Protein chains: 2
Amino acid sequence: MTTMTSPPATASAAPAASSAASSGSSAASLPAAGTQPPEAVEARVRILDNAARLILDKGFAATSMRDIASAVGIKAGSLYHHFASKEEIFTAILERGIDVMVTAFESVENDDRAGAFDGATSAEALLRAHVRAHLGSLFEFGPYTAAHVTTFHNAPDSVHEIIVPRRDSYEAMWAALFDRLQAQGSLRVDHLSIARLVLFGGMNSTIEWFDPAGPLSLDDLADTIVSQFWHAGGHA
Amino acid sequence: MTTMTSPPATASAAPAASSAASSGSSAASLPAAGTQPPEAVEARVRILDNAARLILDKGFAATSMRDIASAVGIKAGSLYHHFASKEEIFTAILERGIDVMVTAFESVENDDRAGAFDGATSAEALLRAHVRAHLGSLFEFGPYTAAHVTTFHNAPDSVHEIIVPRRDSYEAMWAALFDRLQAQGSLRVDHLSIARLVLFGGMNSTIEWFDPAGPLSLDDLADTIVSQFWHAGGHA
DNA sequence: AACCCTACCTAACAAATGTTAGGTAGGAAG
DNA sequence: CTTCCTACCTAACATTTGTTAGGTAGGGTT
């Protein structure tokens with residue numbers, strides 16, 4: 001199928017989120033026991049969901065722990081039962097944003113290798129699938145990816161250090177895709193990385209003006225962007 | 001000094017900056033009297049220059065009045081002799097950012113009307129000139145325009161209300177340009193406004209990855225972006 | 001029963017925030 | 001010399017900030 005469509009924001013790539021940091025134990029216990037305890041992870045997710053939304057439209061620095069807590073329905077001090085610091089919350093959100101994008105990219109690549117795209121005939125279709133996947137990440141995973149795109153630039157250095165490597169590796173995937181397309185001759189541009197970065201900037205800007213509930217669907221948007229990129233519209 | 005290279009920061013659109021707010025009198029006195037008093041306006045500019053740079057890389061909320069003051073070399077309280085509030089400083093910066101872009105756009109339009117662009121033969125050249133002008137605003141006016149692009153999204157509502165109209169009018173200029181190109185047949189795209197917004201997003205993203213001191217000049221970058229937009233690179 | 005653990009709360013902390021009131025040095029104007 | 005204005009300073013203010021320490025209710029286990 002296409003990339004992730006309507007998955008509930010809560011489910012998704014949750015478990016592997018926290019990476020380093022965090023105090024100690026937490027999850028990783030009794031796997032599959034009928035009904036999982038709703039708390040434990042759910043509380044973390046509730047916090048991140050609300051924090052991501054707040055950070056998306058006010059920015060990191062302008063969002064206080066008390067803002068986040070009251071959005072969740074608890075008191076500020078209680079947040080520290082789930083996260084060690086404000087920065088850890090922020091980092092977790094940005095990490096999750098990237099993870100969503102990486103997962104979306106990889107699922108297209110898997111489709112590709114599984115033969116869903118006929119190499120020679122539809123390099124354009126492959127690019128469209130990737131563009132659609134990236135747009136899907138942006139719009140279907142609520143605040144996580146969008147917050148990543150809009151707030152990364154101003155993130156404190158300590159957050160940057162953790163996020164930049166993941167960001168780079170996502171970018172490397174796109175770079176490899178473009179290399180492949182150019183090498184096989186289906187794409188021919190003068191400056192490959194500039195073409196890629198401009199396309200990227202164009203895609204990321206959509207969160208500031210595109211409304212997926214409007215007349216155009218995300219599929220339409222992906223189509224439009226890719227055919228513009230692929231065929232262009234100049235006639236003089 | 002360091003920032004903005006060619007055009008002297010002080011000159012430009014300075015006088016009409018403050019709009020509403022501000023206490024009372026200020027400049028507007030003796031016009032052209034040999035050597036202008038270096039203070040009066042210069043202090044405002046020094047403050048805005050430094051504030052813009054700080055806001056560009058830390059964001060509005062994360063930049064304190066004390067940060068700005070110490071960058072300028074004065075104490076926080078003294079800032080209130082020049083600006084009524086932190087938000088007024090922010091608003092002035094964003095306004096100036098837009099003004100620079102509008103001015104750049106208009107100067108291209110004047111060249112166009114003066115016959116520098118041969119309507120029928122070089123619609124592409126006209127677009128290139130506009131793209132070059134926008135990129136110039138982004139890179140040659142230091143933090144003002146760049147800060148506008150990266151921090152507008154998270155600005156407080158009170159700031160939004162003042163800036164949005166100006167922003168819209170700049171966007172309307174581009175929309176009119178695209179309409180014209182499409183109407184005269186030199187541009188043929190399915191969704192005109194999407195093409196425009198994606199191009200815009202692509203251009204604005206350059207401040208995050210393009211280095212004008214690198215191998216490619218701003219002219220080169222404008223060329224690359226426009227030919228990608230105009231001729232594209234798909235071949236399969 | 002006793003125990004423990006999770007998830008929360010209250011209350012407070014020091015630090016940093018935007019902002020204001022009042023003072024002062026110095027030059028210009030009378 | 002006095003007066004006034006500009007540009008700054010000092011010192012404080014009330015609030016908000018991230019964060020911590022210690023307490024408590026409740027369910028699960030033994």
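A residue is counted as near a strand if one of its heavy atoms lies within 4 Å of it, and the views below show a predicted model.

**View 1. Protein residues around DNA strand D.** In this predicted model, DNA strand D is surrounded by 17 residues, of which the closest are Tyr80(A), Lys86(A), Lys75(B), Ser78(B) and His82(B). Of the atoms of DNA strand D that come within 4 Å of the protein, 56% belong to sugar and phosphate.

View 2. The side chain of Arg66(A) places an N or O atom 3.0 Å from a base nitrogen of DNA strand D.

**View 3. The contact between chain A and chain B.** Chain A contributes 40 residues to this contact and chain B contributes 41 residues. The area buried between the two chains is about 3,400 Å², with carbon and sulfur atoms giving 62% of it. Four residue pairs in polar contact are found across the interface, both residues being at pLDDT 80 or more, whereas the count of salt bridges between chain A and chain B is zero.

**View 4. The side of chain A that touches chain B.** Helix H1 (41–58), helix H5 (142–151), helix H7 (192–205) and helix H8 (218–231) of chain A each supply at least two residues of this side. By class, the side holds 18 nonpolar, 18 polar and four charged residues.

Definitions and conventions. Residues numbered from 1 in each chain as written. Chains lettered and ligands numbered in written order. Predicted model: local features only at pLDDT ≥ 70, side-chain atom pairs only at ≥ 80, totals over all residues. Heavy atoms only, no water. Contact = heavy atoms within 4.5 Å. Buried area = accessible area lost by both parts, 1.4 Å probe. Salt bridge = Lys/Arg side-chain N within 4 Å of Asp/Glu carboxyl O. Polar contact = N/O pair within 3.5 Å; in protein donor to acceptor, adjacent residues only side chain to side chain. Helix = DSSP H or I, 4+ residues; strand = E, 2+ residues; numbered from the N terminus. Nonpolar A, V, L, I, M, F, W, Y, C, P; charged D, E, K, R; others polar.
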